[in-house]
Amino acid sequence: MYRVFVGPKQKTIKNTNFFNASITLIGNNKHNNIAFGNDIPFEFWNDDNNAREIEIYNRALKNLTEDSEVMAYNPRLFSKCELPKNVKQICKNSDKLLKILDNKIETRKFFKNVVPMLDYYTISGKEFNYEKLKQISQNLIIQSPLGSGGAKTFFCNESNHKQIESILLPEQQYSISAYQINNTSYTIYGMIGKEQIEVMPVAQQLFEVANNIEWIDSTYNIEVQYKVKEKLIEYTTKVCKKIQNEGYRGIFNIDFISANSELYLIETNPRFGGTISEIDLLLKESDLPSIFDYNYRAFNNLEMPSMKRMKKSLFQ
């Protein structure tokens, strides 16, 4: 079967030969790549632009002449595309579960009592009142339920609260929590099969803190304290086990922060993420299958080699 990757960036699959072709927003239109270009006129990580992303994919899908199986970077978004008769989406979980795991507020409800989470409060935009909320903390994190890469995640304090208030949508629900000073942010993937859970290496995330909390970069070249390693393995496994019991399969991304001698779950992403090409390279250098191969195996109940021996593993 002709395998096609669909997602924002061609470089996501630069370390694998799992696919025969790719459709991306950003790419070079070489090596069976169909791309919009290298200068996208919108923030593809902002869910407000999902319709524009889907429109680009729909145009490109019409150029596939082979009978094709598509593995998507974001399965839930891609499922809204118009697929030609010769194109089939593979490796997608149920819409019901994806809807929960894509929503930051619903995610926190779903994983309540599974792993530690920071205290948070839910309000509508019209209920925002900094003078009352600063009793929680003078430095606040305000998040829309949807959005990635820092889109719609706001840092609010005494100096900018009026500006933040003007941005919030009156009827939109937001989560409010205290900003954790001197925190360390981590991102980690789990791979979930029917009976198997694999925990991958962890990356530290770097953010720019201004009116928005904007993701800048992530790195796997880090030293992680032993106690933090233990908690990353334990909490990632618990989170993955919870959704495994709900029928979830395949790649799963979790963001934690370490603060006050504890590790807290912040959000989840039921899809591939921005560091997946680095993970794929670590697997390749460890003589293990591609992450996309693992994802296919997880959905099809095929054997998955242990990832414990991959480079930078938390188990080493």
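**View 1. Lys 92 is partly exposed, with a relative accessible area of 26%.** Here "buried" means under 20% relative accessible area, "exposed" over 50% and "partly exposed" in between, with a 1.4 Å probe and protein chains only. Lys 92 forms a salt bridge with Asp 95, and their closest N and O atoms are 2.8 Å apart. A salt bridge is a side-chain nitrogen of Lys or Arg within 4 Å of a carboxyl oxygen of Asp or Glu. Asp 95 is also partly exposed, at 45% relative accessibility.

A word before moving on: this is a predicted model, in which local features need pLDDT of at least 70 and side-chain atom pairs count only at pLDDT 80 or more, while totals for chains, interfaces and linings use all residues. Residues are numbered from 1 along each chain as its sequence is written, and side-chain values use heavy atoms, with hydrogens and water left out.

**View 2. A salt bridge joins the side chains of Lys 152 and Asp 47, at 3.2 Å from N to O.** Lys 152 sits in the loop between β7 and β8, and Asp 47 in the loop between β3 (33-37) and α1 (50-61), so the pair ties together parts that are 105 residues apart in sequence. In these names, helices (H or I, at least four residues) and strands (E, at least two) are DSSP runs, numbered from the N terminus. Asp 47 is partly exposed, with 23% relative accessibility. Look for Asp 48 here too: Asp 47, Asp 48 and Lys 152 are linked in a network of salt bridges. The structure holds 13 salt bridges.

**View 3. Helix α9 (residues 291-299) contains both Asp 293 and Arg 297.** These two residues are four apart, about one turn of the helix. Their side chains meet in a salt bridge, at 2.9 Å from N to O. Asp 293 counts as buried at 19% relative accessibility, whereas Arg 297 is partly exposed at 22%.

**View 4. Five strands make an open sheet with parallel pairing, in the order β3-β2-β1-β4-β5.** Two strands pair if DSSP finds at least two bridges between them. At the edges are β3 and β5 (87-89), each pairing on one side only. From one strand to the next, the twist averages 20°. Axes are lines fitted to C-alpha atoms, for helices over the stretch in contact, and angles run from 0 to 180 degrees between N-to-C directions. Strand β2 (residues 21-26) runs parallel to β3 and is joined to that strand by four bridges. Helix α1 lies across β1 (2-9), β2, β3 and β5, running at about 145° to β2. Helix α9 packs on the sheet as well, touching β1 and β4 (68-72), and its direction makes about 105° with that of β4. Contact means heavy atoms within 4.5 Å.

**View 5. An open sheet of four strands shows antiparallel pairing, in the order β6-β9-β7-β8.** The edge strands, each pairing on one side only, are β6 (121-124) and β8 (153-156). The twist averages 30° from one strand to the next. Four bridges join β7 (residues 140-143) to β8, and this pair runs antiparallel. Within it, Leu 140 has Cys 156 of β8 as its bridge partner.

**View 6. Thr 187 belongs to strand β10.** Thr 187 is buried, with a relative accessible area of 4%. Its side chain makes a polar contact of 2.9 Å with the side chain of Asn 253. A polar contact is a pair of N or O atoms within 3.5 Å; within protein, one must be able to donate a hydrogen and the other to accept it, and residues adjacent in sequence count only if both atoms are side-chain atoms. Leaving aside residues up to four places away in sequence, Thr 187 touches several others, including Pro 201, Val 202, Ser 218, Ile 254 and Asp 255.

**View 7. Tyr 179 lies in the loop between β9 (173-178) and β10 (184-192).** Tyr 179 is partly exposed, with a relative accessible area of 25%.

**View 8. Helix α7 (residues 226-244) has 19 residues.** From its first C-alpha to its last, α7 reaches 27 Å, close to the 27 Å expected at 1.5 Å a residue. That expected span is 1.5 Å times one less than the number of residues in the helix. The buried residues of α7 include Val 228, Leu 232, Tyr 235, Val 239, Cys 240 and Gln 244.
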